[in-house]
Amino acid sequence: MRKTANQLGWLFVLPVVALVAFNAVIPLMTVVNYSVQESFGDNVFFWSGVRWFQEILTSSRFHEALLRQILFTAIVLAIEIPLGLAIALAMPRRGPWVSVCLVLMALPLLIPWNVVGAMWNIMALPEIGLLGKAINALGITYNYTRQPVAAWFTIVLMDVWHWTSLVVLLCFAGLVSIPDAYYQAARIDAARPWAVFRYIQLPKLRYVLTIAILLRFMDSFMIYTEVVVLTGGGPGNSTTFLSIDLVKTALGQFDLGPAAAMSIVYFLIILLLSWLFYTLMTRNEAK
Amino acid sequence: MRARYLVPTIYIIFLLLPIYWLLNMSFKTTNEILGGFTLWPHSFTLENYRTIFTDPTWYNGYIASIEYVVINTILSVAVALPAAYAFSRYRFLGDKHLFFWLLTNRMAPPAVFALPFYQLYSAVGLFDTPWAVALAHTLFNIPLAVWILEGFMSGVPKELDETAYVDGYSFWHFFIRIFMPTIAAGIGVACFFCFMFSWVELLLAKTLTSVAAKPIAALMTKTASTSGYQLGLLAAAGSLTLIPGAVVIYFVRNYIAKGFALGRV
């Protein structure tokens, strides 16, 4: 759409800027402040330069948490994006069942995150949970509070349960927006289903898939509540992801300096990767 | 029924299983839960729900959650409306940078903000009120609302605005009487998303409250960890948190797919 140049636009966005600045700029400055200072309590601070950053970037605890985080996000994206796409392709596009499907699928998205954790906790309990009991009945020893592999399996399954619907809904929205004429043309050319998918549906889905991958990347990289409720980061440290590690350092041990430095590094990683991905996707579009 | 519908059907069954299990647990007595594995409640009881509805610490948690979610939704959408209009209609100094800056706040991990928010809201005297949580949640809800509304508004041709001005409408008269009804679906979807993200977020909600404004879902895990393992009660409280979500989905069911694509498909 052509837009008119109008500096009065600033007046319209002023309330938004004021509110978000209050919520984002002040806390962010606090974090920056802590990250370059040392505190011995009683609100006495000393300048410490980049020491905390050096400490964080070389600490093996941070490296391990980061590695676990990257692994988790990669697994979750590799499952949820293709699965969500496949389900959206198989769904009916019209008729009375569409609303029913969409409403049922959206349900997990509206459950408070620690209820999701509690729900899977109840589901996976080895003695009385449906999942735990079923797996143990198959002859596989399964106890997610003791075995790291079982804990990972449960968390990944929980995340797939929780968020695949988001991908489905996005892809579905993209699919229904493709005009019928495209499919008619494909039928005239006797295109095979694969060709229809590859040359009609996939290109049309590019925009929604970008959003889906971006949202899933950001949110899985920030995962906290569900995992804390389910495993508390354990067994051992095997499911301690970045947010969990950060909250442990900041609110648990009250190590303000390292926690603040870690916050900044963490935020910058997300920002950088999101920006990179977004520019790559939109640049291809412009070509 | 064609074979390909099998995939969505199996998926929906997979989605409903944990929900069924939660409901199942909520209708069981503690004895039955600890006694062994049963697929449905053999001694059906409403005792768990009765406890929640008669104990003020429980139902107040419910009220507190609804309070901050509603305040947040109204606030976010109200300030996002004019901003989204400006982004969709006007070019002004720094508009693109501003838009991107807003979106970066959606990318900020809440864990980063937990401690500074605690200090900030204690300093301004809002700690442990619904307002603290409502304001904190605008951090990610305003960018989202602006994004969604901008998408829907850009779908409305600019001729509508121009015709209205030619007909002698003042800006606000046009905006409230003509423009807002035109994008009613978009406003509904934006409200839905603000409601959703405020309702499900708990890290900040938990950090910013202690007693008076504790959200129901945070209360739940606290009870479970302090007073032994009351699984039935926990399940009942969890089941009750499903209701508001189910109600709001029902209202936006026809726009839900378009809404998740942020109004841009």
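1. A residue is called buried here if 20 or more other C-beta atoms lie within 10 Å of its own, exposed if 12 or fewer do, and partly exposed in between, with the C-beta atoms placed from the backbone. This is a predicted model, in which local features need pLDDT of at least 70 and side-chain atom pairs count only at pLDDT 80 or more, while totals for chains, interfaces and linings use all residues. Residues are numbered from 1 along each chain as its sequence is written, and chains are lettered from A, with ligands numbered from 1, in the order in which they are written.

2. The secondary structure of chain B consists of 14 helices and 1 strand, where helices (H or I, at least four residues) and strands (E, at least two) are DSSP runs numbered from the N terminus. Its C-alpha atoms fill a box of roughly 75 × 60 × 30 Å along the principal axes, and 49% of the 265 residues of chain B count as buried.

3. The contact between the chains takes 80 residues from chain B and 78 residues from chain A. On the side of chain B that touches chain A, helix α1 (residues 6-26) of chain B supplies the largest share, 11 residues.

4. Strand β1 (residues 4-5) of chain A and strand β1 (residues 90-91) of chain B run parallel and are joined by 2 bridges, which meets the pairing rule of at least two DSSP bridges. Within this pairing, A:Thr4 has B:Tyr90 as its bridge partner.

5. In helix α6 (residues 130-137) of chain A, the buried residues are A:Leu131, A:Gly132 and A:Ile135. They cover an arc of only 100 degrees around the axis, so they lie on the same side of α6(A); the arc is that of the directions from the helix axis to the C-beta atoms. A:Ala134 and A:Ala137, on the other side of α6(A), are exposed.

Key:
Two residues are in contact if their C-beta atoms, placed from the backbone, lie within 7 Å.
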